[in-house]
Amino acid sequence: MTSLEQRIDEDTITAMKEKRSADLMVLRQLRSALKNATIDAGEPLTEEAALKVIVRENKKLNDSLNDFTKAGRDDLASATQSEIMIVKQYLPESLSSDELRTIVQKVYNDLQERGVPIQKGPLMGAVMKEVGARAQGSDVAPIIDQIIQ
């Protein structure tokens, strides 16, 4: 069991004791997603794999938030925003746009030095490998577009 899974389990128990049903619902969803990923992998998750599961759950919630906002469902959007805030507690701190721009520029320069043709796809893959869970692809893509042009 990873430290992330242990932390979620401990927080679940605390939420049960304090009768925080909204937190408990989100924590149970995270535990379920982690358990399903463990079963799919056929072995215990690594810290990195567990983090990827949490990132995926966060992305699902963000997509739902966008859909609810577009549909004018402020009640559901508000609830989803609260869920996102709970999930974000388990994610590493996000990079600022300046830090992200610096990393993208560094990776771009590295690829240029190696003579790799600069295309958005390979650059995006290399940057995402570098930043991991500290940035989302939707934050990286506009910066890549600016640098490539």
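This briefing covers the helices, nonpolar cores and pockets of one predicted model. Local features need pLDDT of at least 70 and side-chain atom pairs count only at pLDDT 80 or more, while totals for chains, interfaces and linings use all residues. Residues are numbered from 1 along each chain as its sequence is written, and side-chain values use heavy atoms, with hydrogens and water left out. The largest nonpolar core holds 22 residues, and a second, separate core holds 17.

**Helix H2**

- Helices here are DSSP runs of H or I with at least four residues, numbered from the N terminus.
- H2 has 21 residues and spans 30 Å from its first C-alpha to its last.
- That is close to the 30 Å expected at 1.5 Å a residue, where the expected span is 1.5 Å times one less than the number of residues.
- The buried residues of H2 are Leu24, Val26, Leu27, Leu30, Ala33, Leu34 and Ala37.
- Buried means under 20% relative accessible area, exposed means over 50%, and partly exposed lies in between (1.4 Å probe, protein chains only).
- These buried H2 residues pack against H1, H3 and H4, with contact meaning heavy atoms within 4.5 Å.
- Ala41 also lies in H2 and is partly exposed, at 45% relative accessibility.
- Ala41 and Asn109 are 68 residues apart in sequence and 36 Å apart in space, C-alpha to C-alpha.
- Gly42 follows H2 and has a positive phi, near 75°.

**Largest nonpolar core**

- A nonpolar core is a set of buried Ala, Val, Leu, Ile, Met, Phe, Trp, Tyr and Cys residues joined through side-chain atoms within 4.5 Å.
- In the largest core, Ile8, Leu30, Leu34, Ile54 and Tyr90 touch the most other members.
- Helix H1 (3–17), helix H2 (21–41), H3 and helix H4 (74–88) each supply at least two residues of this core.
- H2 gives the largest share, seven residues.
- Leu34 is in contact with Glu5, Ile8, Leu45, Ala50, Val53 and Ile54, leaving aside neighbours within four places in sequence.

- Thr12 sits in helix H1 and is buried, with a relative accessible area of 0%.
- Not counting residues up to four places away in sequence, Thr12 touches Leu24, Leu27 and Arg31.
- Lys19 is in the loop between H1 and H2.
- Lys19 is exposed, at 73% relative accessibility.
- Its phi is positive, near 55°, in a residue other than glycine.

- H7 has twelve residues and reaches 16 Å from first C-alpha to last, close to the 16 Å expected.
- Val140, Ala141, Ile143, Ile144 and Ile147 are the buried residues of H7.
- They pack against H5 and helix H6 (120–131).
- The second core includes Leu111, Val131, Ile143 and Ile147.
- Val131 is 16 Å from Lys88, C-alpha to C-alpha, and 43 residues away in sequence.
- Lys88 belongs to helix H4 and is partly exposed, at 45% relative accessibility.

**Largest pocket**

- Helix H3 (47–70), helix H5 (97–113) and helix H7 (137–148) each give two or more lining residues.
- H3 makes the largest contribution, three residues.
- The lining divides into eight nonpolar, six polar and three charged residues.
- Ala, Val, Leu, Ile, Met, Phe, Trp, Tyr, Cys and Pro count as nonpolar, Asp, Glu, Lys and Arg as charged, and the others, Gly among them, as polar.

**Second largest pocket**

- H3 and H7 each supply at least two lining residues.
- H3 gives the most, seven residues.
- Four lining residues are nonpolar, seven polar and three charged.
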